[in-house]
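Please open the structure in your viewer and keep the selection panel at hand.

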Amino acid sequence: MPKGKAKGQKGKKITLKIAKNSIRITLDGGLRLDLSKMGITTFPMCILKLADVDELDLSRNMLKKIPSSIQKFQNLRWLDLHSNQLEELPEAIGTLQKLFYLNISNNELTTKNLPEDLSLLKNLRILNLGLNCLDSIPTALGALKELKEIGLFDNALTTIPKSVKNLPNLNKLNAERNPFPESKEEVQDDPIKRVETLYLVQEKDLCSSCLEMCQSAKDEMNTLKNKTQIPSRKQSFPLLLTPNSSAKDNQEEWRLK
């Protein structure tokens, strides 16, 4: 086997020196270890000596596994693992009680291999599970009462548990491109029954001028309705963007403002 190919399969070796040089100061004065886009194939155990960092970015590598020793990062508030080859996560991830941001999108995670202890992340505000192989969402995620945004796009979901949809602080849920049954999951339940047209009198009882005036008012309302509906079709999910080759290189764009 050619040497170059063998070397490529091993991936880049991250030394403690490289890791230390990859630490940055965040805007709020925290420490961020950025090892994204470095061709890493195995979790660099040397970074366990830097477990006091507040943020860890291992996105856009070729990681297949995260070890249980991730629990040593007890100060971690922000963890980005998107765009790797992860097939599972360790239960130990549930010990990261300070975590408020977790991006594990664009991996190979299945529902079976989602750790139950994800539900222990009581301070989690943003969770991105998009672009995986999930066919269902554990109802236990309904325990994440602080969750504000969740990405579920590009999976194999046919339903979303009410325990997740009804989270008290949830204001953004991106579940696009899932095989939901028509008119069941993508539209939120609306307790208000809406009436398209309400006639107080029959049209035949109106004089021509009144009928013309009513028709004109109806046309104006439809025009206004169409104008106000257009923006809602293009919802923005700035922290739940599909992470792919066209995603912005500046990782600050992915962070909670």
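What follows is a sequence of stops, each with something to select and a note on what is there.

**Before selecting anything**

This is a predicted model, in which local features need a pLDDT of at least 70 and side-chain atom pairs count only at pLDDT 80 or more, whereas totals for chains, interfaces and linings use all residues. Residues are numbered from 1 along each chain as its sequence is written, and side-chain values use heavy atoms, with hydrogens and water left out.

**The whole chain**

Begin with the protein chain in cartoon form, where the secondary structure comes to four helices and eight strands; helices (H or I, at least four residues) and strands (E, at least two) are DSSP runs, numbered from the N terminus. Followed from the N terminus, the elements run α-α-β-β-β-β-β-β-β-α-β-α.

If you switch to a surface, the protein chain exposes about 15,500 Å², of which carbon and sulfur atoms supply 53%; accessible areas come from the Shrake-Rupley method with a 1.4 Å probe, and for residues only the protein chains shown count as cover. Of the 257 residues, 40% count as buried, where buried means under 20% relative accessible area, exposed over 50%, and partly exposed in between (1.4 Å probe, protein chains only). Among the contacts with a separation of 6 or more, 41% are between residues 24 or more positions apart, a contact being heavy atoms within 4.5 Å.

**Colour by confidence**

Next, colour by pLDDT, the predictor's confidence in each residue, from 0 to 100. The mean pLDDT of the protein chain is 81, and 70% of its residues reach 70 or more. Select residues 184–201, where the pLDDT is below 50 and the model has ten contacts beyond near neighbours in sequence. Then select residues 244–257, over which pLDDT also stays under 50, and for which the model has 34 contacts beyond four places in sequence.

**Two positive phi angles**

Select Lys37, in the loop between β2 (31–34) and β3 (55–57); Lys37 has a positive phi of about 55° although it is not a glycine, and at 42% relative accessibility it counts as partly exposed. Move on to Arg60, in the loop between β3 and β4 (78–80), which is likewise not a glycine and has a positive phi of about 60°. Arg60 is buried, with a relative accessible area of 17%.

**Ile70 and its surroundings**

Stay in the loop between β3 and β4 and select Ile70, which is buried at a relative accessible area of 2%. Which residues is Ile70 in contact with, leaving aside its neighbours within four places in sequence? Display Phe43, Leu56, Pro90, Ala92, Ile93 and Leu96, which are those contacts.

**Aromatic rings**

A search of the whole structure finds one aromatic pair, a pair being rings of Phe, Tyr and Trp (its six-membered ring) with centres within 6.5 Å, stacked if the planes are under 30 degrees apart, edge-to-face if over 60 and tilted for the rest. Select Trp78 and Tyr101, whose ring centres are 5.2 Å apart with planes at 20°, so the pair is stacked. Because Trp78 lies in strand β4 and Tyr101 in strand β5 (residues 101–103), the pair ties together parts that are 23 residues apart in sequence. Trp78 is buried at 1% relative accessibility, and Tyr101 is buried with a relative accessible area of 1%.

Finish with Phe100 and Arg125: Arg125 lies over the face of Phe100, at 5.5 Å from the ring centre, where a charge sits over a ring if NZ of Lys or CZ of Arg is within 6 Å of the ring centre and within 35 degrees of the ring normal.
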